[in-house]
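Here's a quick walk through one protein model, helix by helix. Have a look at the sequence and the coordinates first.

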Amino acid sequence: MYLLMCFTGLAVLMTTSELKVVKAYLVALLLGDVGHVAFTCLSMGRDRLMRPHEWNAMAWGNVGFTVCSTQ
């Protein structure tokens, strides 16, 4: 799924010369990332969220990687 999304993003960014399209695509990606992290944190609960040393690989991938890769 991630590879398909990557190819779609590349197709959008490589085939358009309009700044409006690029900005709209980047805003959509930002909203998707924020929603993904928010729902993951909500499902983890406050207690577990505040103890990152106890997170498993899935939690680190969903929260840690997504937050670090968007900065």
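## What you're looking at

Keep in mind that this is a predicted model. Everything here is computed from its atoms, with side-chain values based on heavy atoms.

## Helix 2 and what covers it

Let's start with helix 2, which runs over residues 19-44 and has 26 residues. From its first C-alpha to its last, helix 2 reaches 38 Å, close to the 38 Å expected at 1.5 Å a residue. Just after helix 2 comes glycine 45, with a positive phi of about 85 degrees.

Which residues of helix 2 are buried? They're Tyr25, Val37, Thr40, Cys41 and Met44. The cover over these buried residues includes helix 1 (2-15), helix 3 (46-49) and helix 4.

Valine 21 also sits in helix 2. Setting aside neighbours within four places in sequence, valine 21 is in contact with Val12 and Thr16.

## Helix 4, seen from the inside

Helix 4 covers residues 57-69. At its start, a side-chain oxygen of asparagine 56 comes to within 3.2 Å of the backbone nitrogen of methionine 58. The buried residues in helix 4 are Ala59, Asn62, Val63, Gly64 and Thr66, and what covers them includes helix 2. Helix 4, in turn, is among the elements covering the buried residues of helix 2.

A polar atom of the threonine 66 side chain lies 2.9 Å from the backbone oxygen of asparagine 62. What does threonine 66 touch, not counting residues up to four places away in sequence? The answer is Asp33, His36, Val37 and Gly61. Of these, Val37 is listed among the buried residues of helix 2.

Glycine 61, another of those contacts of threonine 66, belongs to helix 4 as well. Is glycine 61 buried or partly exposed? Its relative accessible area is 33%, so glycine 61 is partly exposed. For a sense of spacing, glycine 61 and leucine 42 are 15 Å apart in space, C-alpha to C-alpha, and 19 residues apart in sequence.

Leucine 4 has a relative accessible area of 55%, so it counts as exposed, the cut-off being over 50%.

## The charged pair

How many salt bridges does the structure hold? There's 1. Arginine 51 forms a salt bridge with glutamate 54, and their closest N and O atoms are 2.8 Å apart. As a rule, side chains of opposite charge can pair when their charged atoms come close.

Neither end of this pair is buried: arginine 51 is partly exposed at a relative accessible area of 32%, and glutamate 54 is partly exposed at 45%.

Conventions
Residues numbered from 1 in each chain as written. Predicted model: local features only at pLDDT ≥ 70, side-chain atom pairs only at ≥ 80, totals over all residues. Helix = DSSP H or I, 4+ residues; strand = E, 2+ residues; numbered from the N terminus. Buried < 20%, exposed > 50% of the residue type's maximum accessible area, 1.4 Å probe, protein only. Expected span 1.5 Å × (residues − 1). Contact = heavy atoms within 4.5 Å. Polar contact = N/O pair within 3.5 Å; in protein donor to acceptor, adjacent residues only side chain to side chain. Salt bridge = Lys/Arg side-chain N within 4 Å of Asp/Glu carboxyl O.
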